[in-house]
Amino acid sequence: MILHLSVNNALLSSFNTIADGLATDGFSVIDNFLSEAEVKAITSLDGFRNGLLHFKKAGIGRQQDKQINETIRGDYIQWIDKTTAPQPLHLYLKQIDDLRMFLNQSLFLSLKDAEIHQTIYPVGSYYKRHLDQFKKDDHRKLSVICYLNENWQEEEGGQLRVYFPQGTKDIFPVAGRLVCFRSDLLEHEVLPATRERLSLTGWMLDRIL
Ligand code: OGA
Ligand code: MN
């Protein structure tokens, strides 16, 4: 391996698991991508603490019809600006960047950048089945989501449901868990939850933002 990354062995082993999953299924999930302390540092930031005040209602495509959007997705988002991101988010961006470079080397990709937003799904909200590439010329190649919910219980719902040719797979939004999948390939949805659902949602791009 030519790549020299300043990541520890645990993270490197996570990166390998992600690369393997992407190569075989176009999908992977790992736990403890972020530690409990790292999750706490992020959810304690003003952004998430006052989320619904500061975050914007997420839209779809060119957002011509808000009424329709409402029935498709109910999350609130705030894009992360890497030049002004507070330390805990900056660390996450760095980790995602390391992952991106690792995947470029191990899977011969040429991912050039990432765009990431903080996300809140209020109680009862959802995101209907969709693909993360809306248009043919979309530059989103890999979807990368990290969940931030301590002690999430399965009865609380809020699972990510991924549609594979062989059937579906449900992933609960447990703190520190990371999912990564092919944006052009895998349809998925977010089911409603009985509790607010927090995450960092992003995409690795084949061009610089
Ligand atoms: C999305 C999305 C899934 C999730 O934001 O496009 O599908 O589990 N999110 O939050
Ligand atoms: Mn999606």
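Helix 1 (residues 9-25) has 17 residues and reaches 24 Å from its first C-alpha to its last, close to the 24 Å expected at 1.5 Å a residue, the expected span being 1.5 Å times one less than the number of residues. Helices (H or I, at least four residues) and strands (E, at least two) are DSSP runs numbered from the N terminus. This is a predicted model, in which local features need pLDDT of at least 70, side-chain atom pairs count only at pLDDT 80 or more, and totals for chains, interfaces and linings use all residues. Residues are numbered from 1 along each chain as its sequence is written, chains are lettered from A and ligands numbered from 1 in the order in which they are written, and side-chain values use heavy atoms, with hydrogens and water left out.

Me: Within what arc do the buried residues of helix 1 fall, seen down its axis?
Reply: Buried means under 20% relative accessible area, exposed over 50% and partly exposed in between (1.4 Å probe, protein chains only). In helix 1, Leu11, Ser14, Phe15, Ile18, Ala19, Gly21 and Leu22 are buried. They line one face of the helix, because the directions from the helix axis to the C-beta atoms fall, for these residues, within an arc of 165°.

Me: Which exposed residues does the face of helix 1 turned away from its buried side carry?
Reply: The buried residues of helix 1 pack against strand 1 (27-30), helix 6 (87-107), strand 6 and strand 9 (178-182), where contact means heavy atoms within 4.5 Å. The face turned away from that buried side carries the exposed residues Asn9, Ala10, Asp20, Ala23 and Thr24.

Me: Which strands stand at the edges of the open sheet?
Reply: Four strands form this sheet in the order 5-10-7-8, with antiparallel pairing, and two strands pair if DSSP finds at least two bridges between them. Two of the strands each have a single partner strand, so one side of each is left without a neighbour in the sheet, and these are strand 5 and strand 8 (167-171).

Me: How many residues apart in sequence are the parts that Asp132 and His188 tie together?
Reply: The protein donors of the manganese ion (ligand 2) are His130 (NE2), Asp132 (OD) and His188 (NE2), lying 2.1 Å from the ion; donors are N, O and S atoms within 2.8 Å of the metal (3.2 Å for Na, K and Ca), and sites may look incomplete because water is not among the atoms. Asp132 lies in the loop between strand 5 (127-130) and strand 6 (140-147) and His188 in strand 10 (residues 187-190), so the pair ties together parts whose separation in sequence is 56 residues.
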